[in-house]
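This report covers one protein model.

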Amino acid sequence: IATPSIIHCRTAEEAASAAPSIGFPVVVKLHSETITHKSDVGGVKLNLHSPEQVRDAFLEIQQAVEKEDFFGVTVQPMLDTTDAFEIIIGSSLDAQFGPVILFGLGGTFVEVFGDSSIALPPLNSNLAHIMMKNTKIYKALKGVRGRKPADIAAIEKLIVNFSHLVMDKWMFIKEVEINPLLATHDSVIALDARVILHDSNQMEVDDDEISTQIIRPAIRPYPAQYEQHWLSKKGRVLLIRAIMPEDEPLVVDFHKRISEESVYTRWMSNMKYDERASHSRLIRVCHVDYDRDIALVALDEESCAGKNNCKLVAAGRLTKVHGKNVAEFSVLVEDEWQGEGVGGKLLLELIKHGEADGLDGIEGIVLPTNRAMIHVAEKMGFESVYDKELNVVKQYFSYKETVPKNCTETKDDYQLRRFTCPTNI
């Protein structure tokens with residue numbers, strides 16, 4: 001989030017000396033740790049053209065506030081706002097939903113016009129765009145009465161980045177507001193901002209106790225911890241990460257390259273391409289509630305290098321079973337990439353996620369003919385049971401398995417539990 005050059009000055013002489021280095025005209029603003037709305041107390045002086053005016057502005061601001069509220073001033077360049085739009089973006093806490101993002105018309109008349117929309121973080125570009133469209137200022141941002149349109153794409157990106165800031169620091173930030181945010185046809189820059197933190201006593205509690213002290217976000221943030229590069233058995237590099245809503249076109253292309261045999265092995269039916277790649281279905285596939293599901297994708301790193309047409313070659317998912325502390329796994333690998341260990345790698349990451357999420361176990365159902373998946377799962381500790389009536393193999397991995405008597409527990413190469421027992425047991 002871009003900001004102008006700012007110099008903090010504690011005396012009038014410091015401010016007068018700093019202004020020429022920034023370049024006239026300049027703006028002088030109150031610097032205070034107790035007053036957040038500077039304009040309300042006469043704490044903003046605009047369009048100053050000389051060191052004398054800067055010095056006078058410093059003294060006027062100093063006299064306008066109490067001594068304990070005055071920490072000096074900031075000097076920054078006076079930007080040309082002729083064709084610019086003033087907008088606001090902020091976040092505050094809701095009693096039920098935790099952090100809530102606000103976007104709308106900014107400036108000094110925010111409360112007067114009340115033109116804003118709200119959304120729950122984290123946001124992606126599509127959600128950010130919808131949020132913008134729900135305001136009246138959006139029509140002006142597209143260009144009105146000879147004004148050039150603002151850089152809509154840059155504003156979308158900024159909203160997404162801001163939502164990530166809120167999600168990354170939710171345990172510290174109580175409120176944050178950027179106002180005004182100056183948007184033009186070629187830039188978006190923050191002119192002023194305020195951040196209110198939670199009480200330090202609340203922030204110092206253990207992670208297990210935070211939920212009782214601070215309201216958590218309603219939506220679990222994007223699990224960036226799963227992003228990693230991995231080398232397949234054939235030496236090809238894959239980027240493994242959690243799925244994103246923006247991945248829908250990649251998933252559509254992925255299904256074009258899946259053979260009928262792989263489709264039948266995965267869904268135990270001949271699900272047609274039009275059904276698998278339909279928008280109504282992929283909305284549910286790509287928009288994941290990370291509290292309930294985790295979906296991982298593997299991307300061919302070579303296809304992503306310097307391009308926007310990354311190739312998705314495999315996907316794995318863990319879905320919690322309603323009413324049980326168990327999740328069901330599924331893995332699908334493009335035919336060309338089968339036999340390179342990709343399916344096993346995704347399954348391993350799903351197992352690790354289940355353990356971190358406190359699950360009791362993971363289960364899955366595969367066809368008896370899917371020997372590769374059965375072998376990979378058994379290698380990682382799954383128990384396989386053939387159901388003759390349904391003609392399927394049911395697989396189960398337990399996190400709660402106790403150490404058998406006279407046996408010792410170790411971790412294998414996959415960092416999964418293994419037991420070493422005497423031969424006579």
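The text below goes through these topics in turn.

The model is predicted, and local features need pLDDT of at least 70, side-chain atom pairs count only at pLDDT 80 or more, and totals for chains, interfaces and linings use all residues. Residues are numbered from 1 along each chain as its sequence is written, and side-chain values use heavy atoms, with hydrogens and water left out.

**Cysteines**

A disulfide is taken as a pair of cysteine sulfur atoms within 2.5 Å. The count by this rule is one disulfide. The bond joins C304 to C310, with an S to S distance of 2.2 Å. Burial is judged by relative accessible area, computed with a 1.4 Å probe on protein chains only: buried is under 20%, exposed is over 50%, and partly exposed is in between. C304 and C310 are both buried. C286 is buried, with a relative accessible area of 0%. C9 also counts as buried because its relative accessibility is 2%.

**The eight-stranded sheet**

Helices (H or I, at least four residues) and strands (E, at least two) are DSSP runs numbered from the N terminus, and two strands pair if DSSP finds at least two bridges between them. Eight strands form an open sheet in the order β11-β12-β13-β14-β15-β16-β18-β17, with mixed pairing. The edges are β11 (228-231) and β17 (383-387); each has a single partner strand, so one side of each lacks a neighbour in the sheet. From one strand to the next, the twist averages 25 degrees. Axes are lines fitted to C-alpha atoms, for helices over the stretch in contact, and angles run from 0 to 180 degrees between N-to-C directions.

Strand β18 (residues 392-398) pairs with β17 in the antiparallel sense over five bridges. In this pairing E383 has Y396 of β18 as its bridge partner, and S384 stands opposite Q395 in β18. The two strands β17 and β18 form a hairpin with four residues between them. β16 and β18 also run antiparallel and are joined by six bridges. I365 stands opposite K394 in β18.

Helix α15 (residues 371-379) lies across β15 (326-333), β16 (361-366), β17 and β18, and runs at about 20 degrees to β18.

Elsewhere in the sheet, D293 lies in strand β13 (residues 293-300). D293 counts as buried at 13% relative accessibility. Contact means heavy atoms within 4.5 Å. Not counting residues up to four places away in sequence, D293 touches V288, R317, L318, T319 and K320.

**Pocket and cavities**

Both kinds of space are found on a 1 Å grid over the protein atoms alone: a cavity is a set of points where a 1.4 Å probe fits but cannot get out, a pocket is an open set with protein on both sides within 12 Å along at least five of seven lines, and lining residues have an atom within 4 Å of a point. Grid points are joined across faces, edges and corners, and a volume is the space filled by probe spheres set on the points.

The second largest pocket holds about 680 Å³ of space. It is lined by 27 residues, of which S39, G107, T108, N179 and P180 are the closest to its centre. β8 gives the largest share of this lining, three residues.

There are two cavities of 30 Å³ or more. The largest cavity has a volume of about 50 Å³, and its lining residues include S91, W170 and E175. β5 and β8 are the elements that give two or more residues to the lining of the largest cavity. The largest share, four residues, comes from β8.

**Backbone details**

N47 is not a glycine, yet has a positive phi of about 55 degrees. N47 is placed in strand β3 and is partly exposed, with a relative accessible area of 40%. N391, also a residue other than glycine, has a positive phi near 55 degrees. N391 is found in the loop between β17 and β18 and is partly exposed, at 41% relative accessible area.
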